[in-house]
Amino acid sequence: MTKDASFRFTHAITRRPAATITQGLRAVDTGTPDLATMQAHHAAYIATLRATGATVIELPALDAYPDSVFVEDTALCLPEGAIIMRPGAPTRLGEAAEMEPQLRALYTTIARIQGPGTIEGGDILVTGREILVGQSARTDAAGIAELRAIVTAWGHSLREVHTPPGVLHFKTDCSLLDANTILSTERLSASGCFDGYKLIHTAPGEEAAANTIRFNDVVLMPAGFPGTRQRIEQAGFTVVEIGNSECAKLDGGMSCLSLRFTPS
Ligand code: CIR
């Protein structure tokens with residue numbers, strides 16, 4: 001995989017928020033998400049992806065799956081092929097099957113995590129040199145072992161790391177800014193999992209800013225974290241802020257809202 005393939009993409013897949021988003025999973029109840037506000041944020045997110053020149057597919061809402069706007073958890077898209085995940089949240093298991101035909105239409109090679117292990121895309125960070133996967137309440141050792149067998153055959157190296165206790169996904173606390181630069185909370189990087197990478201920490205009290213995405217020439221980050229924004233910009237990146245108040249109520253952020261890839 002070329003280094004740029006970790007952040008340059010021709011395509012993204014998104015799914016419109018469902019009216020049932022009010023029943024989405026959350027670790028702590030901080031209020032019910034407002035559908036209209038979420039739709040407005042989602043539209044801004046898609047417009048920003050499109051402005052980079054990419055083709056952005058908008059799938060229709062799936063009311064049967066309250067968390068289905070968070071498409072990232074359903075698949076891992078690599079240059080060699082796409083791998084359908086097996087979400088660890090029982091209410092989300094069916095979302096992966098809904099995504100499979102969409103990816104089959106674009107990719108020649110599709111693999112699938114068969115189970116019984118579970119793994120969600122939010123626990124997987126693809127960098128310019130390796131694939132990092134965090135065990136979490138959603139991603140277990142068996143799911144990681146299945147993924148390892150597939151990606152190793154495709155020439156990738158996979159390293160298992162740990163998601164901090166009480167954090168939903170590994171990528172809730174980190175994101176890739178370029179092939180070799182990672183934005184992370186201090187609580188996550190303290191484990192040493194990013195040793196050897198260039199590291200930018202979220203500003204004090206702004207841990208919720210860690211989940212961003214680098215998509216072509218921009219970094220999309222949740223609005224309202226000026227200290228972290230300044231650190232990212234000082235490192236030379238172009239930042240676009242997207243409202244995330246409603247997704248944040250459901251422990252969701254920038255990465256969760258899309259699958260980003262270049263079909264092969
Ligand atoms: C969930 O608990 O599954 C959703 N409410 C949030 C999923 C966020 N996805 C992600 O970080 N990749």
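How far from a nitrogen atom of the ligand does a polar side-chain atom of Glu72 lie? The distance is 2.9 Å. Before we go on, a word on what you are looking at: this is a predicted model, where local features need pLDDT of at least 70, side-chain atom pairs count only at pLDDT 80 or more, and totals for chains, interfaces and linings use all residues. Residues are numbered from 1 along each chain as its sequence is written, and side-chain values use heavy atoms, with hydrogens and water left out.

**Around the ligand**

| Side chain | Ligand atom | Distance |
|---|---|---|
| Glu72 | nitrogen | 2.9 Å |
| Asp73 | nitrogen | 2.8 Å |
| Arg92 | oxygen | 2.8 Å |

The protein covers 99% of the 350 Å² of accessible area that the ligand has on its own (Shrake-Rupley method, 1.4 Å probe). There are 13 residues around the ligand, and Asp67, Asp73, Arg92, Leu250 and Cys256 come nearest; to count, a residue needs a heavy atom within 4 Å. The ligand takes up the space of the largest cavity. A cavity here is a set of points on a 1 Å grid over the protein atoms alone where a 1.4 Å probe fits but cannot get out, and a molecule sits in it if more than half of its atoms lie within 2 Å of its grid points.

**Two open sheets**

Strands are DSSP runs of E, at least two residues long, numbered from the N terminus, and two of them pair if DSSP finds at least two bridges between them.

β1 (residues 11-15) pairs with β15 in the antiparallel sense over 3 bridges, and Ile13 stands opposite Leu259 in β15.

Another open sheet, also mixed, runs β9-β10-β11 with 3 strands. The twist from one strand to the next averages 30°. β10 (residues 181-184) and β11 pair in the parallel sense over 4 bridges, with Thr181 opposite Lys198 in β11.

Most residues other than glycine have a negative phi, and most peptide bonds are trans. Yet the bond from Gly115 to Pro116 is cis, with omega near 15°; Pro116 is in the loop between β5 (110-112) and β6 (124-126). Asn216 is not a glycine, but has a positive phi of about 55°. Look for Asn216 in the loop between β12 (213-215) and β13 (218-222).

Notes. Axes fitted to C-alpha atoms, helices over the stretch in contact; angles between N-to-C directions. Polar contact = N/O pair within 3.5 Å; in protein donor to acceptor, adjacent residues only side chain to side chain. 1 Å grid on protein atoms, 1.4 Å probe; cavity = no way out; pocket = protein on both sides within 12 Å on 5 of 7 lines; lining within 4 Å.
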